[in-house]
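User: I am new to this structure and would like to learn how to read it. Could you take me through it one feature at a time?

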Amino acid sequence: MVSLKPILVGTVLLSATSFPALAQVELQWWHAMSGANGDRIVKIANDFNASQKDYKVVPSFKGSYADTMNAGIAAFRAGGAPHILQVFEVGTATMMAAKGAIKPVHELMKEAGEPFDAKAYLPAVTGYYSTAKGDMLSFPFNSSTAVMWVNRDALKKAGVDKIPATWPETFEAGAKLKAAGYDKCGVSTGWVTWVNVENFSAWHNQELSTKANGLDGFDTVLTFNKSAALVKHFENLVKYQKDKIYDYAGRTNEGEGRFTSGECPLFLTSSAFYGNVKANAKFDYTAAPMPYYPDVAGAPQNSIIGGASLWIMGGKPAAEYKGVAKFMTYLSSPAVQAWWSQETGYLPITPAAYEYSKKQGFFDKVPAAEVAIKEITNKAPTVNSRGLRLGNLALIRDVWAEEIEQALTGKKPVQAALDAAAERGNQMLRQFERTAK
Amino acid sequence: MQKRSYFAGRMLPYALLAPQLLVTIVFFYVPAAQAVWQSFLLQDAFGISTEFVWFENYQLLFSDAAYYQAISVTAVFSVLVTVAALSISLLLAVQADKSLRGAGVYKTLLIWPYAVAPVVAGVLWLFMFQPSLGTLARGLRHFGVDWNPYLNSGDALSLVVLAAAWKQISYNFLFFLAGLQSIPKSLIEAAAIDGARPARRFWTIVFPLLSPTAFYLLTVNIVYVFFDTFGIIHAVTHGGPAGATTTLVYKVFNDGRAGGDLGGSAAQSVVLMAIVIALTAVQFRFIERKVNY
């Protein structure tokens, strides 16, 4: 007969030795970073875990941004939310409105007694994730902004010696590129609404929506269809779409491959496209600030961000929040921030991290990486360029894109399409306002 | 002679049915009832604030022009996918039923796509037809076709129809092949001796005998198109451009998942359920009459 004794003894020994590990508090971190950026998340967590022994951050990849947010919401409904949830910027209003489901970062830091100064972060970044009073609600983790990626070889071939700084110059360059053989697409943009509506409005200091683009209240009303500059911009896009000097490249980043493949030499999209460009572009590339219309007073203003922030979920014990707070402090440290932003192309979220990278000489080596932070800090943000906070933004962006597509295919005049985009968006805002009471 | 078995006690039949009933209740009736209940609510994504709003979600739905567009897109999409999937698979089945060398290999290969998940099928087709990277798209552009599913609604619709039909062909093929093999060879041989040519033999003997299979597949295909294709659309076009590929089920998925509008999405799913029930009833009432069992 086989004796059970050794197994029993083994179990007892095992539980005895694993006892110290049990005292370690585990903190769940759900994120949406795939590929190389996912590995970087794991490295950050491992480094933090190695730096102290009371807490253990456990990162889990939950799919796309939308999947991650939905997983978090479903887990909350089922009573098992993670401690830290990465939510893309379009989900900000939804998270904010969910009082009780979340723990505001400023509260978390105060209660845990961690040193925390909201002013240590870039205002253009934190504005997005703070209340009207300036209290930070979520931790800005990975923020990017829209920049123009430039294929220098193509410009040279087309005889354009200066990177276009304004939209008229950009379309002119597009025409020259077309003549030089880039006849499928001279200029294009990823994230059609984020670049051409949201960032365009901020960059030109135009009102997108009342109540400081929703930052001052959910009773905000869309007004971008009344901005003459924005209407003119879309009229230009429709005009140049006809001969492919501009060519539409889809609603999200699915068209970005057109830049790296060399098909489309001027491409406006996220600064975080950097990693991909670096890996795949087989030509001389750089990034430049977004073009602007010089006849618009005050342009260029400053750009606004995209990306995601970390939300702390509510209803956890104070001991666990203490660990989360320590982790947030760790994440904000200049060395971690500088490393993360240099690797990914996301913005360093504190001026200290920016200085840190500067001192290392990073921007001398990769000047393209500095364009984003220069754009976002170009001028002190105005009421139109602090950021935006619209409920149901994911669906609203779909509706805007639908109307823009109607205009680009000539099914609707530009003004009518933009009016419809604003009107349909307003309906969704009103519905959100009712649920967000 | 008929042989019948009798069982004592009334519990046994219920006990035997119980697993099936349980599965149906847990996975169909309960979620369906939840959807109906949810469709009367206005709720935030986290379920923290809930308001009972009677039929407001339905009112909003039926006053939304985009919803009517989705209905007509669904009509076109379902007809195209069903017709393509049924006719192509019938053609393939008839060919594979002939005694060919290596027929087993063809059959296996034709059945494979059925094991592919809808999203993966969508991504596969997207890889081939993505305007700047897809190999086939580059070929099309090379021959002067201005292929652009991001902006051209016809291109986008044909791409999702292709992917959705391709995915369903295997399943149809399997059933058609089984149906063909159950047709007695003697009937066909008799017709051949009477001088009927292959085409005539097919339309007067094979096709009528296949009609129960075809009818079953028609119903299954319609249900597939109405409920199962959102993954493909999500992967290929995201419902664009300008709503040209937003079908009813994709709208349910997108509004509920991406939008967090659970009430509106639930109302849509209730309407969709009603439409499919009605369609199936119509099929059984009118088409089934023409079926020879």
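User: Which residues of helix 17 of chain A are buried?

Analyst: Helix 17 of chain A spans residues 351-359, and its buried residues are A:Ala353, A:Tyr354, A:Tyr356 and A:Ser357. They lie on the same side of the helix, because the arc they cover around the axis is only 160 degrees.

User: What follows helix 17 of chain A?

Analyst: After a helix, look at the backbone angles. Helix 17 of chain A is followed by A:Gly361, which has a positive phi, near 80 degrees. Helix 16 of chain A is likewise followed by a glycine with positive phi, A:Gly345, near 90 degrees.

User: Which residues are buried in helix 16 of chain A, and what do they pack against?

Analyst: In helix 16 of chain A the buried residues are A:Gln337, A:Ala338, A:Trp339, A:Trp340, A:Ser341, A:Gln342 and A:Thr344. Their packing partners in chain A are helix 3 (35-51), strand 5 (139-151), helix 14 (274-280), helix 15 (318-332), helix 17 and helix 18.

User: How do I read a nonpolar core?

Analyst: The largest nonpolar core has 141 residues, and A:Trp149 and A:Val324 touch the most other members. Helix 20 of chain A provides the largest share of this core, 10 residues. Apart from this core lies another of 40 residues, among them B:Trp125, B:Val161, B:Phe173 and B:Leu210.

User: What does A:Trp149 touch?

Analyst: Leaving out residues up to four places away in sequence, A:Trp149 touches A:Phe259, A:Phe267, A:Thr269, A:Phe273, A:Val277, A:Tyr285 and A:Ala287.

User: How many residues of chain A are in contact with chain B?

Analyst: An interface is read from both sides. Here 32 residues of chain A are in contact with 23 residues of chain B. On the chain A side, at least two residues each come from helix 4 (65-77), helix 5 (92-97), helix 13 (257-260), helix 20 (393-408) and helix 21 (414-435). Helix 20 of chain A gives the most, with seven residues. By class, this side of chain A has 13 nonpolar, 11 polar and eight charged residues.

User: How do I read the overall build of chain A?

Analyst: Begin with its elements, then its extent. Chain A has 21 helices and nine strands. Its radius of gyration is 24 Å, close to the 22 Å that the globule rule gives for 437 residues, so chain A is as compact as a globular protein of that length. The C-alpha atoms of chain A fill a box of roughly 85 × 50 × 50 Å along the principal axes. Of its 437 residues, 54% count as buried.

User: And chain B?

Analyst: Chain B has 12 helices and two strands. Along the sequence, its pattern is α-β-β-α-α-α-α-α-α-α-α-α-α-α. Its C-alpha atoms fill a box of roughly 75 × 75 × 30 Å along the principal axes, and 33% of its 293 residues count as buried.

User: What scores does the model have?

Analyst: Confidence is read for the whole model and for each chain. The model scores ipTM 0.76 and pTM 0.83. Chain B has a mean pLDDT of 86, with 97% of its residues reaching 70 or more. Where pLDDT is low, the predicted coordinates should not be read in detail.

Terms used. Residues are numbered from 1 along each chain as its sequence is written. Chains are lettered from A and ligands numbered from 1 in the order in which they are written. This is a predicted model: local features need pLDDT of at least 70, side-chain atom pairs count only at pLDDT 80 or more; totals for chains, interfaces and linings use all residues. A residue is buried if 20 or more other C-beta atoms lie within 10 Å of its own, exposed if 12 or fewer, and partly exposed in between; C-beta atoms are placed from the backbone. Helices (H or I, at least four residues) and strands (E, at least two) are DSSP runs, numbered from the N terminus. The arc is that of the directions from the helix axis to the C-beta atoms. Two residues are in contact if their C-beta atoms, placed from the backbone, lie within 7 Å. Ala, Val, Leu, Ile, Met, Phe, Trp, Tyr, Cys and Pro count as nonpolar, Asp, Glu, Lys and Arg as charged, and the others, Gly among them, as polar. A nonpolar core is a set of buried Ala, Val, Leu, Ile, Met, Phe, Trp, Tyr and Cys residues joined through C-beta atoms within 7 Å. pLDDT is the predictor's confidence in each residue, from 0 to 100. The radius of gyration is taken over C-alpha atoms; the globule rule is 2.2 Å times the number of residues to the power 0.38.
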